[in-house]
Amino acid sequence: MLDQSQMPIVSALKQSAERSHAPFYAPGHKQGQGASNLLKAWLGEALFRADLPELPELDNLFAPGGIIREAQALAAEAFGADYTHFLVNGSTCGLEAAILATCNPGDKILVPRNAHRSVIAGLILAGAMPVFVSPQYEPTLGLALGLEVEAITRTLTRHPDIRAVLLVSPTYHGICSDVAAIAQVVHAHGIPLLVDEAHGPHFGFHPDLPTSALAQGADLVVQSTHKVLSAFSQAPCSTGGGIRVDRDASRPLCN
Ligand SMILES: Cc1ncc(COP(=O)(O)O)c(C=O)c1O
């Protein structure tokens, strides 16, 4: 068990921000010295002092070996994952990386019709071929529901060369699929289950919420910690476990 009260990135950032030194590096506002007085009065000078680049003590997201690695280990434990990658550029880049990590050009991947546009971008980047499956539809509410296990089973039988299955759970409207049952079917075909859990990063943190996709057997899950939890914009994460997805390849900066 790690000490979950630790905040390695915040502690190091605070120390660097408060260290008296001449900042011969970007950004050009030089810890706020060149920033607008209006902005400083509004946002606070501390914000500008903490706007720092990848100084040696602040680690490097390309190859985390210090505080970022420590923080990712804490996050992985909190999410119940084997590993966590911190992301920039939203869940979009995590979903793109998930597809790039599992599909070579021309490979088939099962994708729900109501997938987010970032999944389409991932398909284009990877050169992967989507096999679309339509979710159930609720006509009274006009809502797309989850993907049925039977629809996935049928599709995998018809396309035995599918290399991965991507699920959106919960959807934008909060509809969850039966991830556990789907994971069983997908794993029986020897392929990984990727889950877009952009709207469900909080699921693992309260017993009254649906069970998280990871706890239900998903191999790689992309979560918008900035949408539902308290992260800054563009700062989601992807979490994974097991051996079906290459841990390093699923880190966006590797792709
Ligand atoms: C279901 C779903 N997946 C992925 C994304 C992409 O998230 P981001 O905006 O963090 O890139 C969104 C954004 O709204 C979404 O609703």
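**Burial, ligand shell and helix packing in a predicted model**

P236 is buried, having 28 other C-beta atoms within 10 Å; a residue counts as buried if 20 or more other C-beta atoms lie within 10 Å of its own, as exposed if 12 or fewer do, and as partly exposed in between, with C-beta atoms placed from the backbone. The model is predicted: local features need pLDDT of at least 70, side-chain atom pairs count only at pLDDT 80 or more, and totals for chains, interfaces and linings use all residues. Residues are numbered from 1 along each chain as its sequence is written.

P236 is located in the loop between β8 (220-223) and β9 (237-240). Helices (H or I, at least four residues) and strands (E, at least two) are DSSP runs numbered from the N terminus. Leaving out residues up to four places away in sequence, P236 touches L87, G90, S91, G94, V222, Q223, S224, T225, H226 and A231. Two residues are in contact if their C-beta atoms, placed from the backbone, lie within 7 Å. The C-alpha atom of P236 is separated by 14 Å from that of I68, a residue 168 positions away along the chain.

P236 is also one of the residues around the ligand, a set that consists of G90, S91, T92, H116, S118, V168, Y172, D196, A198, H199, S224 and P236. A residue is near a molecule or strand if its C-beta atom, placed from the backbone, lies within 6 Å of it. By class, the shell around the ligand holds 4 nonpolar, 7 polar and 1 charged residues. In this classification Ala, Val, Leu, Ile, Met, Phe, Trp, Tyr, Cys and Pro count as nonpolar, Asp, Glu, Lys and Arg as charged, and the others, Gly among them, as polar. Helix α5 (residues 90-102) supplies the largest share of this shell, 3 residues.

Helix α5 is largely enclosed by the rest of the structure, because 11 of its 13 residues are buried. The buried residues of α5 are S91, T92, C93, G94, L95, E96, A97, A98, I99, A101 and T102. Among the elements that cover them are β2 (108-112), α6 (117-126), β6, β7 (193-196), β8 and β9. N89 lies in the loop between β1 (83-86) and α5. Although N89 is a residue other than glycine, its phi is positive, near 70 degrees. N89 counts as partly exposed, with 13 C-beta neighbours inside 10 Å.

A positive phi, of about 70 degrees, is also found at D59, which is not a glycine. D59 is placed in the loop between α3 (45-49) and α4 (67-79). D59 is buried, with 21 other C-beta atoms within 10 Å. Two cis peptide bonds are described here. The bond from A26 to P27 is cis, with omega near 5 degrees, and P27 has its place in the loop between α1 (8-18) and α2 (37-43). The bond joining S169 and P170 is cis, with omega about 5 degrees; P170 is found in the loop between β6 (162-168) and α8 (179-188).

Two packed helices are described by the angle between their axes and the distance between the axes. For α1 and α4 the angle is about 150 degrees and the axes are 8 Å apart. Axes are lines fitted to C-alpha atoms, for helices over the stretch in contact, and angles run from 0 to 180 degrees between N-to-C directions. The two helices α1 and α4 are therefore roughly antiparallel to each other; angles under 35 degrees count as roughly parallel, over 145 as roughly antiparallel, 65 to 115 as roughly perpendicular and the rest as oblique. P8, I9 and A12 of α1 and I67, I68, E70 and A71 of α4 make the contact. The contact of α1 with α4 comprises 6 nonpolar, no polar and 1 charged residues.

At the level of the protein chain, there are 8 helices and 9 strands. The domain assignment gives domain 1 (8-57) and domain 2 (67-254), the bounds coming from an automatic or database domain assignment. The centres of domain 1 and domain 2, taken over C-alpha atoms, are separated by 35 Å. The C-alpha trace spans about 65 × 40 × 40 Å along its principal axes. Of the 255 residues in the protein chain, 36% are buried.
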